[in-house]
Each structure stands twice: as C-alpha cells, then as structure tokens.
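Visitor: I'd like to learn how to read a structure like this one. Could you walk me through a few features?

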Amino acid sequence: KPGEQKHPKEPSSLQCMHLAVVACGDRLEETLIMLKSAVLFSNRRLCFHIFAEDSLKPEFETKLKEWPSSYTKKFESNIYPITFSVGNAQEWKKLFKPCAAQRLFLPVILKDVDSLLYVDTDVLFLRPIDDIWHLLREFNSTQLAAMAPEHEIPKIGWYSRFARHPYYGTTGVNSGVMLMNLTRIRSTQFKNSLIPGGLTWEEMLYPLYQKYKNYITWGDQDLLNIIFYFNPECLYVFPCQWNYRPDHCMYGSNCRGAEEEGVSILHGNRGVYHDDKQPTFKALYEVIRDFPFEDNLFQSLYYPLQSRFLDTVHTLCGRIPQVFLKQIEKTMKKVYENRVIVYLGANHRY
C-alpha cells in the first residue's frame, strides 16, 4: 500500500542528526573532507543534505560510495540542486560567494526536517556532531537558531568597526556553523525593519535583501545578522570553540573556551587550508584528508598531526598546539574505547 512505504524511513529520520552543506565551484574536495570528519567521530546516524551544482552531483555520489561500508552505514545522503524560492535566483547566486545564499532557504526547502546543523564547506569536526546537536535541548522557548560570535573582542571585530547595517550583539555572529530548529523558524513571525507587523522567514528574505543590498559585505551572513538584530530573543549564542577560525589565534589567543576545552569545530575560512598563511589549519585539513578510513586513529591521524604541528610553532596559531589537539585526542580515545569494547563484546559471544 502506498501509505506503508514510508514506515522504514521514519525511524532513521527521527534518529538522524541532519547536516546541511552548500557546495559550488571548486568545493568538492573540501566538502568531502568535512563530511569525512563528521562520519569519523559521530555516534548517532547522520543524514547529509548536500546542495550542489548539477556538475558536482555525480562526483559526490561516486566519492561517497567509495568509502568503506563500516562508514557508509553510518549515514544517508541526499543531494539537491541549487534553488531559490523567492526573489531573483541570479541575484541570490551572486550574493557573496556562489550559492552561499542557499542556506537562507533551508527552512523552506527541507519542510520535513525538524532540526538541522548547517556548516560551510571549510569546516572540520574535531569531536562528535552529537555534542553540538545536544545544544538544541538548551534552547529556551523563543530560541530557534544558534551561532557563535564573529569576534571575541569588539575593538578588532569586523562588524563593530565597519558594518553599515544592523548586526547582532556587540560583534555580530558568524554563520559558518549554524544550528537551526527549522520547525520553529517556519512558524515564527519575525520583527523587521520593513513593516510594523511580523513576517514569516520566507516573506522576509527578499525584501530584506532589497533594502540592505548596498550595505552588506558578507552576503547571507549579514542578512542573518540583520534578522537577529531585530529578533535577539530568537538566537542562542554558543562559544567560540564551536566555530574556531584563524581570527581566534592570529592576533594572539582570544578564544577562552578553546584554551580550556580544545577546538570542537574548526572553520578554515579565508582559504587557509589551501595556502601557507596558517600552517596549523592546513595541517589539520591535510591529515584528515589523507587518513585511510580503516586505519588506527592514533597511528594514522593523531601522531602525524603532532609531528606536523612541530613545524608550525613559529606561527601565532602554531604556538598553541594544545588548543587544536586537546579535543581531538579526547574524541579519539572515546572512539577507540568504544571500538575495543564492541570488539571484545563480539568476541565474548563465541
């Protein structure tokens, strides 16, 4: 019967941690390394929502199928074309980086998804996604999204010095890692600078862009800052270790959470995985990229990372290797312990 076909999917989608990413241009490899870092450490099942240009779709499908079955069984993936439900698609495409504005439309497109973690392609998970997913439970009754501050220090922050539009808080927020309760976003009337009453998320996007397009530099991130400036009660702000960028160490260490707990999510913006400006970020990216899936995590990931970091101690970010290593070491110990327990348990039965 047609009504019964959906039943097998329901349990997995209920248990799934939904992860969305938007990939265009030359971002195929970067996106795959991000997904790899997510799968390496996650505990619960993952549902990937990959928004990609048509030319990239077959490549994503092929590459993901090449991963070993012990990892492919940990996730399901859906690949979508780039679409904009309101306004002019060409304008949205040109906003900041190609296709980046797609993330603004996730609540509209993924109508059956309750909650979601959106990340930029240049993000690496250094601990299980489960840990940031748990932050959804910390939202109060009005919060519907979570982001980290754009900067910790207002006097050297971009928004506090240069922004020509409203932005959230004292330093603005960075949208490269964004946790969203899509159900709440879809049902909320947002205060805005357009009309005296509230507007839904979809109603608000294009008029807001039209009003501020001559004042925004960082595209969709600026629009999110404008939205949460008018609706601050809707935002949960998580600490900087969940969206750790070169800005947190290139002017001296200014992310206390990372100093205490280690980096949880690394965000290599400004292309730092691919040039030599921040060798610490590049080392992490390349070691995760080159890690053979089935190998021992300590031997083939942690130790190479330690030795690569020795070459970066002359840089400002390289001076604090423990910030980058603390969380990943903890995570690998847990993964290793879980595997040993599972292995011993399996052997014990015979």
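**Reading the features**

Guide: Let's start with Asp247, which sits in the loop between β8 (235–237) and α12 (256–261). Helices (H or I, at least four residues) and strands (E, at least two) are DSSP runs, numbered from the N terminus. This is a predicted model, where local features need pLDDT of at least 70, side-chain atom pairs count only at pLDDT 80 or more, and totals for chains, interfaces and linings use all residues. Residues are numbered from 1 along each chain as its sequence is written, and side-chain values use heavy atoms, with hydrogens and water left out.

Visitor: Is Asp247 buried or exposed?

Guide: Buried means under 20% relative accessible area, exposed over 50%, and partly exposed in between (1.4 Å probe, protein chains only). Asp247 has a relative accessible area of 6%, so Asp247 is buried.

Visitor: Which residues does Asp247 touch?

Guide: Contact means heavy atoms within 4.5 Å. Leaving out residues up to four places away in sequence, Asp247 touches His151, Asn254 and Arg270. With Arg270 there is also a side-chain to side-chain polar contact at 2.5 Å. A polar contact is a pair of N or O atoms within 3.5 Å; within protein, one must be able to donate a hydrogen and the other to accept it, and residues adjacent in sequence count only if both atoms are side-chain atoms.

Visitor: Which strands pair with β6?

Guide: Two strands pair if DSSP finds at least two bridges between them. Strand β6 (residues 145–149) is joined to β7 (residues 173–181) by 4 bridges, running antiparallel, and Ala148 stands opposite Asn174 there. β6 also pairs with β8, in the parallel sense, over 3 bridges; in that pairing Ala145 faces Leu235. As for cover, 5 of the 5 residues of β6 are buried.

Visitor: How many salt bridges are there?

Guide: A salt bridge is a side-chain nitrogen of Lys or Arg within 4 Å of a carboxyl oxygen of Asp or Glu. By that rule the count is 16. One of them joins Lys333 to Glu329, with the closest N and O atoms 3.6 Å apart.

Visitor: Why are Lys333 and Glu329 separated by about one helical turn?

Guide: An α-helix has 3.6 residues a turn, so residues three or four places apart point the same way. Lys333 and Glu329 are 4 residues apart in helix α15 (residues 321–348), which means about one helical turn separates them. Lys333 is partly exposed at 42%, and Glu329 is partly exposed at 27%.
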